[in-house]
Structures are given as structure tokens and as C-alpha cells.
Protein chains: 2
Amino acid sequence: MNRQWVLDSYPQGAATEETWRMIETDMPQPGPGQIVVRTKWLSLDPYQRGRINPAANYTAGVAPGGVMHGGGVGEVVTSNHPNWAVGDLAESMAVGWQEFSVLTPDVPGAGATNRVPEGIPPQACLSWMGMPGLTAFVGLTEMGRPLPGETVVVSAAGGAVGQLVGQIAKLMGARVVGIAGDDAKLAHCRNIGFDVTINYKTCGDLDAALSEACPEGVDVFWDNTGGPIHDAVLSQLAFFARVIICGRIAVVNKAPHEDIGIRASSRLIVTRASTHGLIVFDWWHKRDIAMRFLRKWYEAGHITFREDVLDGFESVPKAFVRMMAGENQGKALVRL
Amino acid sequence: MNRQWVLDSYPQGAATEETWRMIETDMPQPGPGQIVVRTKWLSLDPYQRGRINPAANYTAGVAPGGVMHGGGVGEVVTSNHPNWAVGDLAESMAVGWQEFSVLTPDVPGAGATNRVPEGIPPQACLSWMGMPGLTAFVGLTEMGRPLPGETVVVSAAGGAVGQLVGQIAKLMGARVVGIAGDDAKLAHCRNIGFDVTINYKTCGDLDAALSEACPEGVDVFWDNTGGPIHDAVLSQLAFFARVIICGRIAVVNKAPHEDIGIRASSRLIVTRASTHGLIVFDWWHKRDIAMRFLRKWYEAGHITFREDVLDGFESVPKAFVRMMAGENQGKALVRL
């Protein structure tokens, strides 16, 4: 028999142990090229909360009655695949919350089945050698790119991703500030090299604690929580800061109708959107190329431009007030 | 005599015509290498509102009693510079709200003095051949990078930057949706090639209007306004959208104590910050390189990792609930 945890019903707010029920089904049978593994380790990760929402997320969710999604490590018990033998250890995001699962080793990408490397604890494939490790690695090396001496702030610092972000950022030469709500987690963070830790539940004034921890501002913010911590760190970004919006555990449990304020992080994660602050004065070195194109487009008739002209030096403040009120039709100018 | 508009006092909320007062001073005298120009055109731009706030912004502001900052075009009336002759036309951000100003032609960067090119109306140096043109050009070519067929949404579409963003985005092959609060502005936008326009004041339901105008979502959002329009467009971003936060005219007038909701756009502009949504499943092609580094760092003792293990298949929902409540110390795992 195969025991499975299936979704009982979509949770309102936080999931509880009653969100799932255990069922027993027949042992699964492998098709050609497939293997059956007996689950040895299962990984619990915040992304899984998003899989049990009725609303669309970045990937298909679990419907009530379906086996809960999740990554795990299993030992091969049946193999129809020439490269996999009984007793091999496999890691896959496609295991799910069940004692036995059928895996298709040749699927590429995030559903892939990987061999557990020799010489590491098998469960490392679910943590620092697995999905959380990849998350921290690409987020820091491709997006955050901290330079030596820059300040990196990590929320949910003691979590699977947070621990790794802090340690990799230290290897890259950054100062690391960790935020969490539990002194034991923060003691662990300091033990593994975080320079400063902040307990957002007990520090009193988070803005003041951040300001003290980051006197030159925050160069890289790794956001695992969203919510009020996100707001506080954003208010102390340094020039040309990079923000990696990786999680939103502070707001993910909220029911759709609950007021969580105007916070875009859910949509910014799901869409992988990037935002850029634009100050044209940083780009003056591009002026010549810009003007060459703009003039060419203008002379070809591709660009027309409307002006809103007031006359006389006396009218300058009036023109400004008109422009700020949106009453101008086109570029606001004063002709003397 | 030289007439000047000087800041009378910092405005609370919107500036009014009484925010400035006109004074008369002596004609300015040029030093070595300098020129004096008689102002012919002055440019009014929303960034100027930020210059008359007491709070620090991205550049130094105007103190009460000081001449208001602003770009303009002037005709040379005195020259101590070998390359500039009386009668030449100069454009500079350093003109200010005054009839005569002293310019130093050899200053580089944003304070530079540029010769007005032949063959264009001189005031074009304040619009499509000037700072608004450079803004639209670099924001689209360096940050937004719309591909042919993508949808670009522009707020304050009829303004100096908005008009150009729409036209350049069309040249790049994009569909362009313009938002403004004035039918005359929007008619102009349609005349110059915008595909769809939305009057946010009269459309009734902005979310519905956006959804109809952008059935596949918003690929590039050029935000000139901040505020509720920003919120509405962010809620309809497409996958891998790019957001250029260029202005915040909807909230710039608010006094510091006014509640504008939790909106980060001011800080994101001032710091030129970039934000990135991270979904690790997009990065599976980086898995091998990530694992190679992670293992090397682990074996060198640079990475340690804490696990929070529960035993038994029965405990999976309990482990999930613990993890979501933050009660786990380290990576949440279940061992079967």
C-alpha cells in the first residue's frame, strides 16, 4: 500500500494539520523508462503554501483530493530505466507527500530527477545542495551581486534560503545583517558569520535598529518575508541598491479579502518583474547617441512633439503651477 | 538689471504662484572662460518640485531666497570663452529662473552648456532633443527594452516624457497604451500613434479598462505618476515585466505627514534601486554550476547548514504548519 497526504480543502488563512488528509492507495506501477522510489526525506518549503491556493500562481497548484506537491529524496525500489538500479538514491521536486512515487528520470528542468551525489548527507539535496542552495546562488550572483564591503540585509535569516544567502554574501566580501523573529535563529546566524542580527519582534523600533546596523544604507536586500519588514528595509536603501524579492511569508497566509496594505511583492515575485529607478542625470554620457537617434527619428517624421507655451518672464511661476496641476497640453515652456 | 524668481518659502503641498517672489539684481558679470546669456526659453518640469523640498532629494535643492533652478535656452550677450560668440544660442540646465545667467561652458555632465543645433527649433533642446528626450531614450533602450509586439503602458502619457516614450516604443515595435486624466491630451496621444488611451478620471474602473487594453498583461510599465495608477498597473504585470519608475507626480505634492499609503516609488527613484522577482525554477540551467560552488564551499568549511527534522510520514502536515509559523530552527525536513 502507498500512503499519501492529499489536500482536503483550500485553507482560509494559515494551513492547519487538517488542511490535508491521509489516504491509502495501491502501490504505483512504473511505465517504460520510469522508476519507483520509496521516500526517505521530504522537504517543507514556503513556496508550497502557494500551491494550495485556488488563485493562479506561478505554477499549477494542487486541487482538493490531489497529492500534495513537494520535493524529496527516495531510494529506488523498482526500475524500468537502464541507468537507475534498485538501491540508488534519487532527489526530485516531483516526489510529493507520499511513501512511494513514480519518477521519470529523463524529464528536464525543475521536475528533473537527480542522483544524490556521493559523500554528502542525502538530505543536503533538499537544502544547501538543492533548491534553496540554487536560489541563494543565482539570486546573489545574478541579481544582488554584492561587492566587497557592501551591506546585505536578509529577512527570515535563519531559514533555508536565508542561512545560505548570509554565508555566500560573506564569501563575496559583504557585510551581512540578518533579520528574524527568534533569538535562537539569530544566534545561529551569528555563529555562521552574520555580522549583525536584528530580532524584529523584540528590537522595539525596527527602523532605528536597521539604521544603526546599516549606517551607509542597504546595498542588497534579500526579501523573504514581504510585509512590514519589506517596507522598513526599502526605506533605507542605498543608492543603486538591488532588491531580490524571493518570498513573502509574512503575507502569504492572508486570505484574499484581508487588508495587507499596498504591497506589490506578490505580483513582483510571480511575474519575475524588475523595477528600475530612473534619474536622467546618471545617463548624461548617453546624451550624444540619444540626440543622434532622436533627431533622425524627428527628421523622418516618426516623432512629433506638442508644446504648451506661456509668454513672458512674469508667467514662470504660473506656468509651473499649471504644469504640476496637469493643465498643460504638452511640454511646459516659457518664452521670454 | 536682472530679474530673478527666488524661492520665497518651501511650499506645504502644491506650489502656488506665491511660492516664489521676483527680485531685481545687478547684471551678472562673467569670470574667465564664462559667458552671459539672455534667457529666451525656460523649461518647466516635474523634477523641479523636488528641488523646493527641505528634505534631501537626489540633488541639492533651492533654499528660500535662492534663484529657482531650471533648464533653459539663452542667447549669448557677453563671452569670455574662445568658442562662444555673442548671438550664439546655448542650452543648459544651469540657467535658472532669471533673465540673465552666467554659464561655464566647460562644465561636464548634467550642468553642461550645449550649443543649440542648427535646423531645429531652439526650444527642442528643452524637450525632445533635451532632457525629456534623453530620459525616454535611455529608459526604453537600457531598462524597458520592449520587444516587438509587447505592451508598453505609459502614465502621464501626454507629458513631455510620456509623449516621447509612446512614440519611441512604437518605433521599437511595441503596442502602446497611454494613461492620462484629460481627453485633449489623450486625443493628442492617439494622433501621434498610441494604440489605446485611458482617461483614469472618467473610465470608471481603471482595473477593468487596463485589463481590456492589455489582455496579455503589461510587459513594460513606464511610471510617471506613482500613486493609485502605479498600484493598478502593477497588479496587471505580465511575466518578466520591466517597470521604469521615472516620476511620481501623483504624490510629489503631498506634505510629509500626509498618508499616501505604503508606496516605495519615491525611494526607488531616488536610490535608482532595481528590484527583481526571483523564482528559482527559471534558473534550473544554472543548477550544475551552483552545486559545484556550493559543494566546494561546504567542503572548505565556508558553509554550514542547520536542519529541523521531524520523523515519520504521519508528521508531514505538522512539519509544514511548524515551518509556516516560523517555529523551525533551520531547513524543515521530514525523515521517513
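Chain A of this predicted model has a secondary structure of nine helices and 15 strands.

**Exercise 1.** Find which residues of helix α4 of chain A are buried, and work out how they are arranged about the helix.

*Solution.* Start with the helix, which covers residues 183-191; its buried residues are A:Lys185, A:Leu186, A:His188 and A:Cys189. Now look down the axis of α4(A): these residues fall within an arc of 155°, so they line one face of the helix. Recall that an α-helix has 3.6 residues a turn, so residues three or four places apart point the same way. Next, turn to the other side of α4(A), where A:Asp183 and A:Asn191 are exposed. Finally, look for the cover over the buried residues: it includes α3 (160-171), β9 (175-180) and β10 (196-199) of chain A.

**Exercise 2.** Examine what happens at the start of α4(A) and just after it.

*Solution.* At the start, find A:Asp182: one of its side-chain oxygens comes to within 2.8 Å of the backbone nitrogen of A:Ala184. Then move past the helix to A:Gly193, which has a positive phi of about 115°.

**Exercise 3.** Determine how chain A is related to chain B.

Methods: Residues numbered from 1 in each chain as written. Chains lettered and ligands numbered in written order. Predicted model: local features only at pLDDT ≥ 70, side-chain atom pairs only at ≥ 80, totals over all residues. Heavy atoms only, no water. Buried < 20%, exposed > 50% of the residue type's maximum accessible area, 1.4 Å probe, protein only. Helix = DSSP H or I, 4+ residues; strand = E, 2+ residues; numbered from the N terminus. Arc of directions from axis to C-beta. Contact = heavy atoms within 4.5 Å. Polar contact = N/O pair within 3.5 Å; in protein donor to acceptor, adjacent residues only side chain to side chain. Least-squares fit on C-alpha atoms with pLDDT ≥ 70 in both.
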